[in-house]
Amino acid sequence: MTLDIQLAGRIDQQSLFHPFTAITDLKADGPTVISSGKGVRITDIHGQEYLDGMAGLWCVNLGYGREEITEAMAEQSRKLSFFHAFNGMSIDVTIECAEALLKRAPVPMARVFFGASGSDANETQAKLVWYYNQLRGKPEKKKLICRWNSYHGSGVLTASMTGLPGMHAPFLLPMGPIVHTDAPYYYRKAPEGMSEREFSRHLARELEALIAREGADTIGAFFAEAVMGAGGLIPPPEGYFEEIVPILRANDILLVMDEVVSGYGRLGTYWGSQTYGLEPDLITSAKGVTSGYFPMSACFISPKVWDVIESNAERAGLFGHGYTYSAHPVGAAAALAALRLIDEDNVLANVQEQSDHLFSSLRARLGDHWAVGDIRGKGLMIGVELVKDRATKEAFPMANRTGRQVLKAAAKRSLITRALGDTLVFAPPLVINRAEVDELVEKFGDAVEAVL
Ligand code: PLP
């Protein structure tokens, strides 16, 4: 490598337009430049090591530097570095990968469609919803119900689907087919004294009212993350999906589970759909499918949707959708290696064990802290919401300022976390061990106490 280590930060600022970064923050602090990773740790160009409490961006589930994955990728790359699946072509390793994925689906699924990111996968799902309804003679069923605080991607359609106003202006689709319903954000949105179950019923009534207002015959699908991630780490309140799903079924609305983060073990089950007993019509997955070693997404299509597509194939002609990398052999090799490791490493059992330990240690260390309003999550997807006043839940002024201060204090203690507003989030590699969880909690506790 020829990059001058001392100048790397300056060259970065002169050359890179960073995703999801405030230019002012970057100018003030400069970038942290990472150059290697092993296990749950990453190392910057100056040799400073960090415990990565976020598995990159909720994706490096099996940890960094896994030879089993890098070797599979290298071997595949030497054998066939690229080909595609357009126009009747296919690739041996991609076929093997599709079959392996279908075997692991939470409910019987008929087909897998590959892409390169969670965003493109959710666009594929939206198109599949429209395609399915077009083919069964209901072309007007186009609207997509998404939830406030959801995150579904950064494309023009998926940013509009996302329920974060900061992602909309100035990018919101002007005539978008998207309607938003309330987030299941029990801590912030439930009226005083309302139980989780009652709040779930309340959200279900809101959804029914929305469907009645818009007209069920104009609505194609409901998109949901199992646990909301980027929108503030929000697990569903008790009974939420039990209340919502019958309403979707009664109104002929497809359930699309966005499992880009929750898929492949993060919640302690293979799929979030299993955690919440769901039978989705479509499932979006990405990130953990290759443990972040290769950009890849996989959309699962249920027999209900596929049967309509297949039985109308002659009339429909060519499926006019696909990406250059919709069957990438190196991605397929990475995924096959990652899927094997999820089984061999006993990842699901480890997530359950370390999740219990992380929750109980965070509660023991910070549960009584004056600024800790809520500690919530599922599996290894955990958020700590900081507030100015625990009793009233009053937020700190200037959302995200306190969160960022804690994030920086954690980084000083060589711990990577993420601030979603003033909710600090942990989604470490799923192979994290007990000692590393202890280290994470100690460093985070020190960071919170240093700032607040
Ligand atoms: N869906 C969810 C639930 C996500 O968390 C993300 C990214 O974090 C996406 C979709 C978009 O994935 P990508 O960034 O790979 O496009």
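Which helix gives the largest share of the shell around the ligand? Helix H6, residues 118-135, supplies 3 residues of that shell, the largest share. Helices (H or I, at least four residues) and strands (E, at least two) are DSSP runs, numbered from the N terminus.

## Model and numbering

This is a predicted model, in which local features need pLDDT of at least 70, side-chain atom pairs count only at pLDDT 80 or more, and totals for chains, interfaces and linings use all residues. Residues are numbered from 1 along each chain as its sequence is written.

## Around the ligand

There are 16 residues around the ligand, and those that come nearest are Ser117, Gly118, Ser119, Gly153 and Val260. A residue is near a molecule if its C-beta atom, placed from the backbone, lies within 6 Å of it.

By class, the shell holds 6 nonpolar, 8 polar and 2 charged residues. Here Ala, Val, Leu, Ile, Met, Phe, Trp, Tyr, Cys and Pro count as nonpolar, Asp, Glu, Lys and Arg as charged, and the others, Gly among them, as polar.

## The chain as a whole

The chain has 18 helices and 15 strands. Its C-alpha trace spans about 65 × 60 × 45 Å along the principal axes. A compact globule of 452 residues would have a radius of gyration near 22 Å, and the chain agrees with this, at 22 Å. The radius is taken over C-alpha atoms, and the globule rule is 2.2 Å times the number of residues to the power 0.38.

Of the 452 residues, 46% count as buried. A residue is buried if 20 or more other C-beta atoms lie within 10 Å of its own, exposed if 12 or fewer, and partly exposed in between, with C-beta atoms placed from the backbone. Among contacts with a separation of 6 or more, 73% join residues 24 or more positions apart. Two residues are in contact if their C-beta atoms, placed from the backbone, lie within 7 Å.

## Two domains

The domain assignment gives domain 1 (32-62 + 346-451) and domain 2 (69-344). Such bounds come from an automatic or database domain assignment. The C-alpha centres of the two domains lie 26 Å apart.

Across the boundary, 27 residues of domain 1 are in contact with 23 residues of domain 2. On the side of domain 1 that touches domain 2, at least two residues each come from helix H3 (55-58), helix H16 (347-366), strand S11 (372-378), strand S12 (381-386) and strand S15 (423-426). That side of domain 1 has 13 nonpolar, 10 polar and 4 charged residues.

## The largest nonpolar core

The largest nonpolar core has 123 residues, of which Leu144, Phe222, Leu282, Ala334, Ala335, Ala338 and Val406 touch the most other members. Helix H15 (residues 329-344) gives the largest share of this core, 10 residues. Because domain 1 and domain 2 both give residues to this core, it lies between them. A nonpolar core is a set of buried Ala, Val, Leu, Ile, Met, Phe, Trp, Tyr and Cys residues joined through C-beta atoms within 7 Å.

Leaving aside residues up to four places away in sequence, Phe222 touches Ile145, Leu248, Ile253, Leu255 and Val256.

## Two residues of helix H16

Val347 lies in helix H16. Val347 counts as buried because it has 24 C-beta neighbours inside 10 Å. Not counting residues up to four places away in sequence, Val347 touches Gly265, Ile342, Leu430 and Val431. Between Val347 and Pro429 there are 82 residues of sequence separation and 9.9 Å from C-alpha to C-alpha.

Arg363 is also placed in helix H16. With 14 C-beta neighbours inside 10 Å, Arg363 counts as partly exposed. Arg363 and Ile375 are 12 residues apart along the chain, and their C-alpha atoms are separated by 7.4 Å.

## Backbone features in loops

Most residues other than glycine have a negative phi, and most peptide bonds are trans. The peptide bond from Ala169 to Pro170 is cis, with omega near 0 degrees. Pro170 sits in the loop between helix H8 (165-168) and strand S6 (178-181).

Lys393 is not a glycine, yet has a positive phi of about 65 degrees. Its loop runs between S12 and helix H17 (401-412). Lys393 is partly exposed, with 14 other C-beta atoms within 10 Å. Met398, likewise not a glycine, has a positive phi of about 55 degrees. Met398 is placed in the loop between S12 and H17, and counts as exposed with 9 C-beta neighbours inside 10 Å.
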